[in-house]
Each structure stands twice: as C-alpha cells, then as structure tokens.
Amino acid sequence: MYDLFQTVVTLSLLGGGLTAVLLCLKPITAKRFPAQWQYAVWLVALLSMLLPAYKLIPIQETNAVPPIAQTQAAGQESPAMRGENTETTRRETTPIQHREVPVAPNRQMRLSDLLTDLWVSGTCLYLAVVIVSYIHSLLRQRENAVLLTDHAILDDVKRELKITRQIALRMSPDIQSPMLVGVLFPAICLPCQEIPDENLRMVFLHELTHYKRKDLLLKWLALFVNAVHWFNPLAYLLRANISEACEAACDRAVTRAMSPQERKQYMATILSLAET
C-alpha cells in the first residue's frame with residue numbers, strides 16, 4: 001500500500017506542477033486559445049494526476065550495497081567492533097519511511113504505515129462526505145420536485161441534438177438555476193419560476209449539450225482525483241478550473257452554429273438564470 005501512496009505523491013507533484021504552470025499562463029491562454037482547447041489542457045492536467053505515465057520511462061537500476069557491508073568490504077571495523085551503540089547506528093542507517101514514530105503511549109508505528117493510513121482515511125472521508133451530500137441533495141430535490149411530461153420544446157431540442165435516451169424533466173423549489181443531474185438516470189431540473197419558451201429552448205440546448213458531451217462523467221472523475229489528492233491544494237484549483245472550462249466549452253459548442261442574434265439571446269438567458 002505504501003508503494004501506491006508513493007505513486008500518488010509523485011503524481012500529485014507532477015500534476016500539481018502542470019496545474020501551477022497552467023494557472024500562470026491562464027491570463028494569456030484565455031485570450032489566445034478557444035474554450036475547447038482550454039478544456040482539453042485542463043483534462044490533460046487531470047489525467048497527469050491519475051495515470052502514472054512516468055513509469056513508462058526506463059530507469060537503469062544500480063545495486064545498492066548496505067553501508068555496513070561497504071565498511072566491512074573496505075576492511076574497516078564495524079560499529080559493534082568499535083564498541084558503538086548498534087541500535088543507534090541501525091536507526092541512522094534505516095530509511096526514514098521505515099523508521100518508527102510514537103503514535104500513542106507505549107505504541108509506535110512505521111512512518112510509511114502512518115502516512116499511508118492518513119492518506120487512505122482522508123480519501124475515504126472526502127468521498128463519503130461528497131457522496132452523502134450529493135445523495136441527500138438529490139433525494140430532497142426529487143421529493144419536492146414536480147415531474148413534467150410531454151414537453152414539446154424538450155423533445156424538439158432532443159431531436160435537434162440527435163438524443164434518443166429518455167431524460168426526465170423536473171421542476172424543483174430547491175434549486176435556483178437549471179441543472180443536469182444523474183449519470184445513470186439523467187434528468188433536467190428547472191427552478192420554480194416562469195421561463196419564456198424562447199429562453200427555455202436555450203436552457204435545454206445548454207443542459208443537453210452537457211449530456212451529449214458526457215460532462216457529468218468528467219466532473220465526477222475530477223472529483224475522484226480531487227479526493228485521491230486531498231492533501232494537495234492545487235488539486236482543488238484544478239477541479240475548479242475544469243468546471244469553469246467545461247461550462248465555457250459547452251457554451252461554445254451550443255453557440256457555434258447560432259446567428260449573432262441567437263448567441264446574444266443565449267448568453268443573456270444563461271447569465272440571467274445564473275444570477276437568480
């Protein structure tokens with residue numbers, strides 16, 4: 001298990017370094033490159049925290065000779081022969097991750113085991129809090145929501161985007177803006193407010209484009225990576241920037257084929273609903 005933790009730390013350093021570089025370059029790249037490109041590079045940074053590609057680089061191994069063996073091979077006296085404390089010598093020559101540290105009265109634990117247990121506990125706690133909160137929010141929304149059936153505008157947008165899967169439409173008093181929820185059983189949730197038909201079409205275009213691009217899956221992947229690297233502050237910034245780039249790329253995909261007037265209406269609709 002400690003080997004896995006070492007791999008995670010290495011990935012965290014690599015991915016964190018790439019995230020730091022992207023954050024420094026963001027004021028420039030945001031102006032010079034399209035939204036889809038920015039989304040892609042943030043996903044590369046995400047994958048760099050997940051896939052140990054560095055292990056594919058061949059490394060020439062060398063045979064390490066223990067210090068005591070080297071001393072004896074050189075004809076020098078060992079610490080025991082010189083009358084030194086062998087326990088102190090053993091502790092000094094033991095790799096730091098294998099040294100024992102006190103964790104309770106009359107109890108010691110190897111540092112490697114302690115760090116691994118802390119990492120696993122933090123990851124499990126992070127995932128537990130997020131999943132429980134998500135399920136609680138989802139159940140509360142479904143309990144108070146009203147299921148809308150036979151919605152002509154939604155059906156028209158689904159045909160326009162060539163989506164055949166059944167996607168539920170609910171109206172909930174627990175949300176302030178439209179959202180797509182559910183990976184296995186997708187549904188569009190609308191707030192309890194009057195939305196004109198022309199604006200409602202823009203909302204469905206946005207949410208169904210998220211569905212078609214599998215953005216929910218990528219956001220859950222970003223959350224999982226954030227949980228694994230919970231000890232790295234840059235992992236939280238990475239997840240936030242992925243979410244931001246995801247929305248920008250979705251808006252660009254929706255408005256690509258629109259007229260200037262439709263783009264203006266779309267952006268006005270999204271901004272007005274986001275501010276409520």
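**Salt bridges, helices and buried sites in the predicted model**

With a relative accessibility of 29%, Arg201 counts as partly exposed (buried means under 20% relative accessible area, exposed over 50%, and partly exposed in between, for a 1.4 Å probe and protein chains only). The structure is a predicted model, in which local features need pLDDT of at least 70 and side-chain atom pairs count only at pLDDT 80 or more, while totals for chains, interfaces and linings use all residues. Residues are numbered from 1 along each chain as its sequence is written, and side-chain values use heavy atoms, leaving out hydrogens and water.

Arg201 meets the side chain of Glu160 in a salt bridge, with 2.9 Å from N to O (a side-chain nitrogen of Lys or Arg within 4 Å of a carboxyl oxygen of Asp or Glu). Because Arg201 lies in helix α7 and Glu160 in helix α6, this pair ties together parts that are 41 residues apart in sequence. Glu160 is itself partly exposed, at 42% relative accessible area. Helices (H or I, at least four residues) and strands (E, at least two) are DSSP runs numbered from the N terminus.

Leaving aside residues up to four places away in sequence, Ile153 touches Asp197, Leu200, Arg201 and Phe204 (contact means heavy atoms within 4.5 Å). Helix α7 covers residues 197-212.

Of the contacts between residues at least 6 apart in sequence, 65% join residues at least 24 apart. The accessible surface comes to about 17,300 Å², and carbon and sulfur atoms account for 61% of it (Shrake-Rupley method with a 1.4 Å probe; for residues, only the protein chains shown count as cover).

The structure contains six salt bridges, among them one between Lys26 and Glu244, whose closest N and O atoms are 3.3 Å apart. This pair links distant parts of the chain, with Lys26 in helix α1 and Glu244 in helix α9, 218 residues apart. Both ends are partly exposed: Lys26 has a relative accessible area of 21%, and Glu244 has 47% relative accessibility. A further salt bridge joins the side chains of Arg110 and Asp113 at 3.4 Å, N to O.

Helix α9, which carries Glu244, spans residues 233-255. At 1.5 Å a residue its 23 residues should span 33 Å, so the 34 Å between its end C-alpha atoms agrees (the expected span is 1.5 Å times one less than the number of residues). Buried positions in α9 include Ala235, Leu238, Ile242, Ala249 and Val254, along with Asn241, Asp251 and Thr255 and the cysteines Cys246 and Cys250. At the N-terminal end, Asn232 caps the helix, placing a side-chain oxygen 3.0 Å from the backbone nitrogen of Leu234.

Ser172 presents a buried site. It lies in strand β4, residues 168-172, and counts as buried at 0% relative accessibility. Its side chain reaches the backbone nitrogen of Asp174 at 3.1 Å. Beyond residues up to four places away in sequence, Ser172 touches Gln141, Ala145, Leu190, Pro191 and Cys192.

Lys162 lies in the loop between α6 (152-160) and β4, and its phi is near 60°, a positive value in a residue other than glycine. Its 70% relative accessibility makes it exposed. Lys214, in the loop between α7 and α8 (215-228), likewise has a positive phi of about 60° although it is not a glycine. At 45% relative accessibility, Lys214 counts as partly exposed.

Note on methods
A polar contact is a pair of N or O atoms within 3.5 Å; within protein, one must be able to donate a hydrogen and the other to accept it, and residues adjacent in sequence count only if both atoms are side-chain atoms.
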